[in-house]
Amino acid sequence: MNPSQRIDELIADLIDWRGETLASIRKSILEADREIIEEWKWMGSPVWSHDGMIAVANAHKDKVKLTFAHGASLPDPDKLFNAGLEGNARRAIDFFEGDEINARALKNLVRSAVDYNQVKLKKKAPAGTRAKVRKRKET
(Lines give C-alpha, C1' and ligand atoms only; values in the text may rest on other atoms or scores of the structure.)
Protein backbone atom coordinates (compact mmCIF):
# COMPACT_ATOMS: atom_id res chain seq x y z
CA MET A 1 0.00 0.00 0.00
CA ASN A 2 1.13 3.53 -0.65
CA PRO A 3 1.13 6.12 2.20
CA SER A 4 -2.22 7.65 1.22
CA GLN A 5 -3.85 4.21 1.28
CA ARG A 6 -2.35 3.52 4.71
CA ILE A 7 -3.76 6.81 6.01
CA ASP A 8 -7.15 5.88 4.52
CA GLU A 9 -6.95 2.56 6.36
CA LEU A 10 -5.95 4.22 9.65
CA ILE A 11 -8.91 6.60 9.43
CA ALA A 12 -11.28 3.71 8.62
CA ASP A 13 -9.98 1.72 11.60
CA LEU A 14 -10.67 4.63 13.97
CA ILE A 15 -14.42 4.08 14.18
CA ASP A 16 -15.05 6.75 16.80
CA TRP A 17 -14.71 10.55 16.73
CA ARG A 18 -10.93 10.27 16.24
CA GLY A 19 -11.36 8.93 12.69
CA GLU A 20 -13.63 11.82 11.74
CA THR A 21 -11.25 14.30 13.34
CA LEU A 22 -8.20 12.88 11.58
CA ALA A 23 -10.09 12.89 8.26
CA SER A 24 -10.99 16.58 8.73
CA ILE A 25 -7.42 17.49 9.65
CA ARG A 26 -6.11 15.65 6.61
CA LYS A 27 -8.62 17.37 4.32
CA SER A 28 -7.56 20.82 5.54
CA ILE A 29 -3.87 20.01 5.17
CA LEU A 30 -4.27 18.73 1.62
CA GLU A 31 -6.46 21.67 0.62
CA ALA A 32 -3.89 24.15 1.94
CA ASP A 33 -1.30 23.29 -0.72
CA ARG A 34 -1.60 21.06 -3.77
CA GLU A 35 2.06 20.00 -3.58
CA ILE A 36 1.85 18.43 -0.13
CA ILE A 37 3.04 14.84 -0.07
CA GLU A 38 1.58 12.22 2.25
CA GLU A 39 4.03 9.88 3.90
CA TRP A 40 3.84 7.00 6.38
CA LYS A 41 6.61 6.98 8.97
CA TRP A 42 7.62 5.67 12.36
CA MET A 43 5.63 2.44 12.12
CA GLY A 44 2.24 4.04 11.70
CA SER A 45 2.16 7.83 11.64
CA PRO A 46 0.71 9.95 8.85
CA VAL A 47 3.18 12.67 7.85
CA TRP A 48 2.65 15.58 5.48
CA SER A 49 5.61 17.20 3.72
CA HIS A 50 6.45 19.89 1.20
CA ASP A 51 10.14 20.77 0.90
CA GLY A 52 10.52 19.17 4.32
CA MET A 53 8.22 17.84 6.98
CA ILE A 54 5.19 19.95 7.86
CA ALA A 55 3.32 17.86 10.42
CA VAL A 56 2.72 14.40 11.82
CA ALA A 57 -0.56 13.12 13.27
CA ASN A 58 -1.18 10.53 15.93
CA ALA A 59 -4.44 9.19 17.32
CA HIS A 60 -4.25 8.65 21.07
CA LYS A 61 -6.89 7.22 23.38
CA ASP A 62 -8.36 10.61 24.26
CA LYS A 63 -7.11 12.94 21.51
CA VAL A 64 -5.73 13.37 18.03
CA LYS A 65 -2.38 15.16 18.11
CA LEU A 66 -1.09 17.15 15.15
CA THR A 67 2.56 18.09 15.67
CA PHE A 68 4.23 20.69 13.46
CA ALA A 69 7.94 20.01 12.97
CA HIS A 70 8.88 23.71 13.08
CA GLY A 71 5.86 25.01 14.95
CA ALA A 72 7.90 27.20 17.29
CA SER A 73 9.02 29.22 14.25
CA LEU A 74 5.52 29.68 12.80
CA PRO A 75 3.12 32.55 13.38
CA ASP A 76 -0.03 31.36 15.16
CA PRO A 77 -2.40 34.35 15.19
CA ASP A 78 -5.43 32.10 15.75
CA LYS A 79 -3.78 30.43 18.77
CA LEU A 80 -4.22 26.89 17.46
CA PHE A 81 -1.17 25.50 19.23
CA ASN A 82 -2.15 24.17 22.64
CA ALA A 83 0.56 21.57 23.34
CA GLY A 84 4.34 21.43 23.28
CA LEU A 85 4.48 25.17 23.85
CA GLU A 86 7.71 24.93 25.84
CA GLY A 87 9.68 23.28 23.04
CA ASN A 88 12.28 25.04 20.93
CA ALA A 89 11.17 23.51 17.62
CA ARG A 90 7.88 21.63 17.66
CA ARG A 91 4.39 22.79 18.54
CA ALA A 92 1.25 20.68 18.56
CA ILE A 93 -2.50 20.93 18.44
CA ASP A 94 -4.38 18.45 20.59
CA PHE A 95 -7.91 17.83 19.33
CA PHE A 96 -10.32 16.33 21.85
CA GLU A 97 -13.77 14.84 21.37
CA GLY A 98 -16.23 17.59 20.54
CA ASP A 99 -13.58 20.09 19.39
CA GLU A 100 -14.35 21.94 16.19
CA ILE A 101 -11.56 22.28 13.67
CA ASN A 102 -10.96 25.82 12.46
CA ALA A 103 -10.20 24.78 8.86
CA ARG A 104 -9.31 28.30 7.71
CA ALA A 105 -6.79 28.80 10.53
CA LEU A 106 -5.34 25.30 10.10
CA LYS A 107 -4.83 25.87 6.37
CA ASN A 108 -3.08 29.17 7.10
CA LEU A 109 -0.80 27.42 9.59
CA VAL A 110 0.03 24.72 7.03
CA ARG A 111 0.82 27.38 4.42
CA SER A 112 3.12 29.10 6.92
CA ALA A 113 4.89 25.78 7.49
CA VAL A 114 5.38 25.32 3.73
CA ASP A 115 6.74 28.88 3.46
CA TYR A 116 9.10 28.22 6.38
CA ASN A 117 10.40 25.02 4.73
CA GLN A 118 10.97 26.80 1.43
CA VAL A 119 12.89 29.67 3.03
CA LYS A 120 14.98 27.18 5.02
CA LEU A 121 15.69 25.20 1.84
CA LYS A 122 16.87 28.33 -0.01
CA LYS A 123 19.23 29.20 2.83
CA LYS A 124 20.79 25.73 2.69
CA ALA A 125 21.44 25.83 -1.06
CA PRO A 126 24.99 26.69 -2.08
CA ALA A 127 25.29 30.31 -3.21
CA GLY A 128 25.86 29.45 -6.88
CA THR A 129 22.73 27.31 -7.09
CA ARG A 130 20.25 29.66 -5.44
CA ALA A 131 17.50 30.93 -7.66
CA LYS A 132 17.58 34.64 -8.21
CA VAL A 133 14.52 36.41 -6.94
CA ARG A 134 13.17 39.10 -9.19
CA LYS A 135 11.25 41.96 -7.75
CA ARG A 136 7.86 42.43 -9.30
CA LYS A 137 7.11 45.70 -10.92
CA GLU A 138 4.27 47.60 -9.36
CA THR A 139 1.37 47.96 -11.78
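A search of the whole structure, a predicted model, returns one aromatic pair. The partners are Phe-68 and Phe-81. Their geometry is edge-to-face, with 5.6 Å centre to centre and 80 degrees between the planes. Phe-68 belongs to strand E4, whereas Phe-81 sits in the loop between E4 and E5, so the pair ties together parts that are 13 residues apart in sequence. Both Phe-68 and Phe-81 are buried.

Phe-68 also figures in the largest nonpolar core, which has 27 residues. Phe-68 is listed there among the residues with the most contacts inside the core, together with Ile-54, Leu-66, Ile-93, Leu-106 and Val-110. At least two residues of this core come from each of H1, H2, strand E3 (53-59), strand E4 (63-68), strand E5 (91-96) and helix H3 (103-124). H3 supplies the largest share, six residues. In soluble globular proteins, nonpolar side chains tend to be buried together.

The packing of H1 against H2 was examined next. The axes of helix H1 (residues 3-13) and helix H2 (residues 17-32) come within 9 Å. They cross at roughly 145 degrees. On the H1 side, the contact involves Ser-4, Ile-7, Asp-8, Leu-10 and Ile-11. These meet Gly-19, Leu-22, Ala-23 and Arg-26 in H2. By class, the residues of this contact are five nonpolar, two polar and two charged.

Note on methods:
Residues are numbered from 1 along each chain as its sequence is written. This is a predicted model: local features need pLDDT of at least 70, side-chain atom pairs count only at pLDDT 80 or more; totals for chains, interfaces and linings use all residues. Side-chain values use heavy atoms; hydrogens and water are left out. Axes are lines fitted to C-alpha atoms, for helices over the stretch in contact, and angles run from 0 to 180 degrees between N-to-C directions. Helices (H or I, at least four residues) and strands (E, at least two) are DSSP runs, numbered from the N terminus. Contact means heavy atoms within 4.5 Å. Ala, Val, Leu, Ile, Met, Phe, Trp, Tyr, Cys and Pro count as nonpolar, Asp, Glu, Lys and Arg as charged, and the others, Gly among them, as polar. A nonpolar core is a set of buried Ala, Val, Leu, Ile, Met, Phe, Trp, Tyr and Cys residues joined through side-chain atoms within 4.5 Å. Buried means under 20% relative accessible area, exposed over 50%, partly exposed in between (1.4 Å probe, protein chains only). Rings of Phe, Tyr and Trp (its six-membered ring) pair if their centres lie within 6.5 Å; planes under 30 degrees apart count as stacked, over 60 as edge-to-face and the rest as tilted.
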